[in-house]
Amino acid sequence: MVTIASNELAFAIGAPEPVVPGHALVVLRRSPSTYFEASAEEKAALWALVDVVQAQLEAELQPEGYEVRFATGAELHGAARALVHIIPQRARAPALATGGEQDPFARHLWPLFSGASEIAIVAAFVTETGLAAIERTVFGALRAGARLRIVTGDYLAFNQVEALQQLLGWSQLAAPGPSATGSERRLAVRVVETAQADGSEQAFHPKAWLFESASFGVAFVGSSNLSRSALETGIEWNLRVERAIDPVGYASVRAAVDALWSGAIELSADWIAAYAERVRQAPRSLPSGDGDVESLEPPPEPHVFQQEALAALQGAREQGRRRALVVLATGLGKTWLAGFDVARFAEGARRWPRVLFLAHREELLAQAARVFRRLLSAAGQRADIGWCAGDLLQPGAAVVVGSIQKLCRAENLERLAQQRFDYVIVDEVHHADAPTHRRVLERLDPTFLLGLTATPERADDGDILAAVVNHLPDGNSGRQQV
């Protein structure tokens, strides 16, 4: 433990088990059995360091106030010590989140995602729009090292098949890579099966959101499912329980979540296929307020830079070119640009083109799946999205989002070579000269291939255009940089 401050008779350290960030202890060097047996000089030294620590915390954290209390006979380093706790206090969060436009539930959740190391979501119902609302936040937490568990159920077959497919895809993107030392997924999804032995079905309506780290624990229990309405606009009541304020209440929520998780089964492609058949035979809408009126937002209109690129891409195809590279700065919508061009490519065709989207980062694949779901929905097409990541290999879907790391393996390349794609998109194509990309590109012969990048210049002088073109069959049929 790092010493924060010290004097001749006492020292200050960060609390070994802090209840909030900044929680510090001031400890006497000698070990009297109680604080009251300390000498006047020791007590003065103790409280002098309290002032020093308070000044440091004020400069670093600017807390709303402080809780200062002393303990007698507290054990530290194996000995009873007289010590003082200094606990910074921030303005206490409201105990009840009431939802609606004035108090949207999402406003309470987003800050907790960014600081938590363990996250658990229990939602009886999950919708595509709910997943779209939390996608960016979830993958930001995963990048920061968090682990996330999501539990849902199959009660009355209310859950959207497409939402479950998307959750499965997310879990595969967050799977350990082939060189990882551990096998635990950073994002895991389980389902509670509600069918009973007597043929009846047990009702399943729990909703809980739990966030935990070494310095805090916060849980919400209430009415919010994983839907856009529940997160953004719906009148939803959720009670906040904090580990530092109500440790018994927090522990009971955590225990209930863990018990539900233990009794659930892992979400899999086979389970979803069987569930989809149940839904097909007896389709149902979600209960009122849980997403029955929610639909995916229509695609946005292309902005001016995208319009210019789309015109150039169309012109390239009219000239007989089969390959193109688009350079577009970060934040200007490369994935949407690709989706817009696929939609134009589909105009006049008898069917939606088969699309393969390749990337090597999980958030790019998740974003591509979301973009194409919205485009397919707007075109009146079924959202047939296949994932090639983690344990999933679904190259036969209408739109396939594939991890380069997954597809470059020999056994997967053979499966890929059996597929015919009309349109292939390679995101972050400045990596295309790498051996992993080369192995995949050599197996593809699409009608049109689009490379996307914000950084076309490679530090190793690799030729991106040559990598995209020369490692494709019939690569000399034309290329163009847009």
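**An aromatic cluster and its surroundings**

Phe105, Trp209 and Phe220 form one aromatic cluster. The model is a predicted one, in which local features need pLDDT of at least 70 and side-chain atom pairs count only at pLDDT 80 or more, while totals for chains, interfaces and linings use all residues. Residues are numbered from 1 along each chain as its sequence is written, and side-chain values use heavy atoms, with hydrogens and water left out.

Rings of Phe, Tyr and Trp (its six-membered ring) pair if their centres lie within 6.5 Å; planes under 30 degrees apart count as stacked, over 60 as edge-to-face and the rest as tilted. A search of the whole structure finds 11 aromatic pairs. In one of them, the ring centres of Phe105 and Phe220 are 5.3 Å apart and the planes stand at 85 degrees, so this pair is edge-to-face. Because Phe105 belongs to helix H2 (residues 105-115) and Phe220 to strand S11 (residues 217-222), the pair ties together parts that are 115 residues apart in sequence. Helices (H or I, at least four residues) and strands (E, at least two) are DSSP runs, numbered from the N terminus. Phe105 and Phe220 are both buried, that is, under 20% relative accessible area, whereas exposed means over 50% and partly exposed in between (1.4 Å probe, protein chains only).

A charge sits over a ring if NZ of Lys or CZ of Arg is within 6 Å of the ring centre and within 35 degrees of the ring normal. The charged end of Arg149 is placed in this way over the ring of Trp261, 5.4 Å from its centre. For Arg317, the charged end sits over the ring of Phe448, at 4.8 Å from the centre of that ring.
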